Amino acid sequence: MTTTRPWRVSLHGGHSWPFCDHASGSLEHILEAACERGFATYGVTEHAPRHHDRYLYDKERELGWTVATLEQKFDDYFRRLDELVPTFAADLPILRGFECEVVPDSEWADITTEYRRRYRPDYIVGSVHFLADLSIDGPLELFHAALDRFGGLERLACAYYDKVAELAATLQPEVIGHLDLVRRNGQAMGPLDTPSIRSAARVALDEIQRAGSILDVNTAGYRKGLGSPYPAPWLVHEALERGIGLCFGDDSHSPDDVGAGIDEARLWLMSLGVTHVRTLRRGDSGLERVDVPLAD
């Protein structure tokens, strides 16, 4: 078992089967892995349902899933999580959460608000995976369709940060997921730090600061071949200038993913001059934001 460190916290991940079509391993196995790898706190943030057939993933369709299936699985997820939290209480503080979507465009805010009321999560992760009803985090053909819809990479990236700003201002999520997700498919197609893109990102960061959200240092960037976590170093520096806290997220979709890349991300952050990460803890007055040092 890895020695527990205060900075070893993930606030984005824990996706598991059968609640997520592209995950493997049970939620119990995910949490067992977090215990074995010395986590001080582990946040579980399953994907919220997408409320229209057009947002179903290909694998979900192959499995015969519908929007009603996703709704039932989301309910089952919270029921199972509530069963497991006390089981692990002596070994691992677990935070109950979910990762919201920004679709359908006219409904996502009301949908997320209703889920918050119904399930009373400890926190939520606000993520943008879709623009103009097209996935930017999936197959390249959909990303190319989004490029065509917006008229090129720069306009697409600006629209992405505009949507992040809207999400932060509207929902004030405790965590913002993988801030520059557009880098996954876009980085091989051109620069993602042009003056226009930086301007749009700064507006998003200003909204994130006002919302009090924490930025997810998402180690899936390593698994996606980016060579570093999300977000890019220039965004980390912009966040630090605003006093925005950073947290780790392993974005795990299997037990093997739990904690993957966090040790490397810690050293990467320290190389950028980051000295602390921000975590969430249950306190006497509710959920508390706590800064912990990266140095052992």
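Which elements do the buried residues of α11 pack against?

1. The structure under discussion is a predicted model. In it, the buried residues of α11 pack against the strands β1 (9–10), β8 (214–218), β9 (246–249) and β10 (276–283), and also against the helices α9 (220–223) and α10.

2. Helix α11 spans residues 262–271, and its buried residues are I262, A265, R266, W268 and L269. Viewed down the helix axis, these buried residues fall within an arc of 165°, so they line one face of α11.

3. The face of α11 that is turned away from this buried side carries L267 and S271, which are exposed. Just after the helix, G273 adopts a positive phi of about 90°.

4. Helix α10 (residues 233–241) also takes part in a contact with helix α8 (residues 195–211), and the axes of the two come within 10 Å. Two packed helices are described by the angle between their axes and the distance between the axes. For α8 and α10, the axes cross at roughly 40°.

5. Sorted by class, the contact of α8 with α10 comprises five nonpolar and three charged residues, with no polar ones.

Notes:
Residues are numbered from 1 along each chain as its sequence is written. This is a predicted model: local features need pLDDT of at least 70, side-chain atom pairs count only at pLDDT 80 or more; totals for chains, interfaces and linings use all residues. Side-chain values use heavy atoms; hydrogens and water are left out. Axes are lines fitted to C-alpha atoms, for helices over the stretch in contact, and angles run from 0 to 180 degrees between N-to-C directions. Helices (H or I, at least four residues) and strands (E, at least two) are DSSP runs, numbered from the N terminus. Ala, Val, Leu, Ile, Met, Phe, Trp, Tyr, Cys and Pro count as nonpolar, Asp, Glu, Lys and Arg as charged, and the others, Gly among them, as polar. Buried means under 20% relative accessible area, exposed over 50%, partly exposed in between (1.4 Å probe, protein chains only). The arc is that of the directions from the helix axis to the C-beta atoms. Contact means heavy atoms within 4.5 Å.
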